[in-house]
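Hi there,

I am passing this structure on to you, with a few notes on what turned up in it. Have a look first, and then read on.

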Protein chains: 4
Amino acid sequence: MGLDGLKLLAKIRDEFGLKIISEVRDSTHVHDIIEYADIIQIGAKSMYDHGILRACGKANKPVMLKRGFGTSLQEFVQASEFILSGGNEQVILCERGIRTFENKTRFTLDLCGAAYLKEHTNLPLVLDPSHAMGYAYGVPDLARACFAMGIDGLLIEVHPNPAVAKSDASQQLNHKEFINLYDSLLKIGEAIGYQLI
Amino acid sequence: MGLDGLKLLAKIRDEFGLKIISEVRDSTHVHDIIEYADIIQIGAKSMYDHGILRACGKANKPVMLKRGFGTSLQEFVQASEFILSGGNEQVILCERGIRTFENKTRFTLDLCGAAYLKEHTNLPLVLDPSHAMGYAYGVPDLARACFAMGIDGLLIEVHPNPAVAKSDASQQLNHKEFINLYDSLLKIGEAIGYQLI
Amino acid sequence: MGLDGLKLLAKIRDEFGLKIISEVRDSTHVHDIIEYADIIQIGAKSMYDHGILRACGKANKPVMLKRGFGTSLQEFVQASEFILSGGNEQVILCERGIRTFENKTRFTLDLCGAAYLKEHTNLPLVLDPSHAMGYAYGVPDLARACFAMGIDGLLIEVHPNPAVAKSDASQQLNHKEFINLYDSLLKIGEAIGYQLI
Amino acid sequence: MGLDGLKLLAKIRDEFGLKIISEVRDSTHVHDIIEYADIIQIGAKSMYDHGILRACGKANKPVMLKRGFGTSLQEFVQASEFILSGGNEQVILCERGIRTFENKTRFTLDLCGAAYLKEHTNLPLVLDPSHAMGYAYGVPDLARACFAMGIDGLLIEVHPNPAVAKSDASQQLNHKEFINLYDSLLKIGEAIGYQLI
């Protein structure tokens, strides 16, 4: 996202009280993102970019690090530690699917890996079933699965009219689907003692 | 399992009212399994054995087909259709983890694949988080995740004293861990309208 | 291949002086193969079948063990050792491609694995570029690559008219393509001191 | 590599008549690399960095694009086309191993993919057996395999004393091993009508 887009987002934030999370595309504009976003997102494809990791390590804002689709858990944890060692303690991990031999779904959401991260790190964990599945039909079931693991956040792609979405149209929920999902998450949350914000 | 073992299991069944599910090792003893077990299990490693699939297609008992760890969803569905086309309509699918580049966990439980199977087949679906994870610490979280997807069954390995288990010791829950898991599943089941048997 | 087919093949062998290698489909007919074939082939999909492995361990004929497409090198070596430990010392290893995220080619021929097997075992090694690639256009280049590694054999699928082949049509070389390949292998063989039979 | 290192390399080039190929770490220093190197290398981990790809598309020097270890052939070709469409026609493809379930070797050199690239693109192709294998013992055999495919270049890691190499020590050939390899490549080159430079 360019600087103009970020400024527009910041204006919307001030008007509506939302928070902005925005992805660093490459290290040339990391400082713009750090300035304007509330949470800095490091995308799966730039997880190995030391320029970005270093800048985020010095930033005073939360960083959400998305695991690369070809990234081992060990490399993922190492990248998070690289940011932490730069002085920024607000690192959030995000698993969004790995690339496997199976291609009926876009990626393979690695919930065994999520269980590993919960056990072996102390960082908040967010899961992204939309990118992993790639198809809206599977997102609600996967989102409930993720939530029942007791993780810290979910990324769910939503669009008022998915058919005309400009990116990743096949994986967007419409508003009604999202509300139904949200209601079921509320109930699961009560059952396992988790609160949805 | 040999014929003597099967006969012993059958005796225990009659005494305690349990059901027996037992795995066909190879096609030489498939008829013993068909005779003595209540459910015939086709293991992940023999999923391509046409002798076994053919015999199960003619059997008059439910068959649980485990997906091979290198098996595509398409091949998995085709194997189930091979059994169905033999005349046996009682086929249960079981996803138990696929082999990926990640080796911090034993396999990678493919819940995107589970969502695919729920959408594209009408067969009951069972998930096996114990074999996928390979480590007991992750099994309860994964079992809750699987259950919240609305699937039809779970395989959970339990042992009174996992440390002395003769196989797969690292992935066994002890009784207390299992009871805690079961309690949480009961609550999730109430939340999403699913009943545990 | 059924018993009748094997008997026919054996007749052709006697008439033309060829050798027969034939694949064990499942453990019900392993003894027919052992009786009629000159080399027993254990296919990639039955590599874990202990009934077959055990019977081959007691056979008095060479066994070619094909690596499963989801099989680790460790499991592959273990399966070969299982046959060896049964008393049959004539075991040939065959790498024929593993399943990876890449699907522009049918499988991924694992020549790093071939280098590993050459270093860590003393068994003859055969490579199968036809099944790995799945498309005839890549087979000659891959066959030259395999041969230049200094391995012990190649499986190359050939058909007088690939377009009408009853199985795996897309990966068959026609006679002219095979002869051209063979000529280039002869030259590489001279260069690296290997003799083609 | 920092700017000082690049200047030093450039001085060595002028003194000894060597060419410099150097890797762009991230998009902050791509212009230094473009200025000082003879060939710009885009590493496997930064293959998706559009800032780097865009700058290389406008550069007037050859670019060697290394395939990411989790990158499909389609994405790899698309990244090369992105550079080409920027106006730079001097793009070299480099396959250096993909990440698969097999971990006895560092990566899996994808020679089926190399055959695909030879058939479907017109770009020069370089292979990197050292990084794929990760162990010196397999490098000579793999290098001969690559060369026999008729590709355009090889990356072979060499160190006068591998035991003290500062990076990737286990995969370096020493001088004697390299010379032996080179001699065998000369012979294979003669056999298949390829000339080594």
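Predicted model: local features only at pLDDT ≥ 70, side-chain atom pairs only at ≥ 80, totals over all residues.

Helix 7 of chain C and helix 7 of chain D are roughly antiparallel (an angle over 145 degrees), because their axes cross at roughly 150 degrees. The axes of these two helices, residues 139-148 in each chain, come within 7 Å. Axes here are lines fitted to C-alpha atoms over the stretch in contact, with angles from 0 to 180 degrees between N-to-C directions; helices are DSSP runs (H or I, at least four residues), strands likewise (E, at least two), numbered from the N terminus. On the chain C side the touching residues are C:Arg144, C:Ala145, C:Cys146, C:Phe147 and C:Ala148, and on the other D:Arg144, D:Ala145, D:Cys146, D:Phe147 and D:Ala148 (contact: C-beta atoms, placed from the backbone, within 7 Å).

Residues are numbered from 1 along each chain as its sequence is written, with chains lettered from A and ligands numbered from 1 in the order written.

Chains A and B meet through 38 residues from each. Helices 4, 5, 6, 7 and 8 of chain A each supply at least two residues of its side.

Chain B also has an open sheet of six strands, ordered 1-2-3-4-5-6, with parallel pairing (strands pair if DSSP finds at least two bridges between them). Strand 1 (21-24) and strand 6 (153-154) of chain B are its edges.

Best wishes

Technical notes
Parallel < 35°, antiparallel > 145°, perpendicular 65-115°, else oblique. Contact = placed C-beta atoms within 7 Å.
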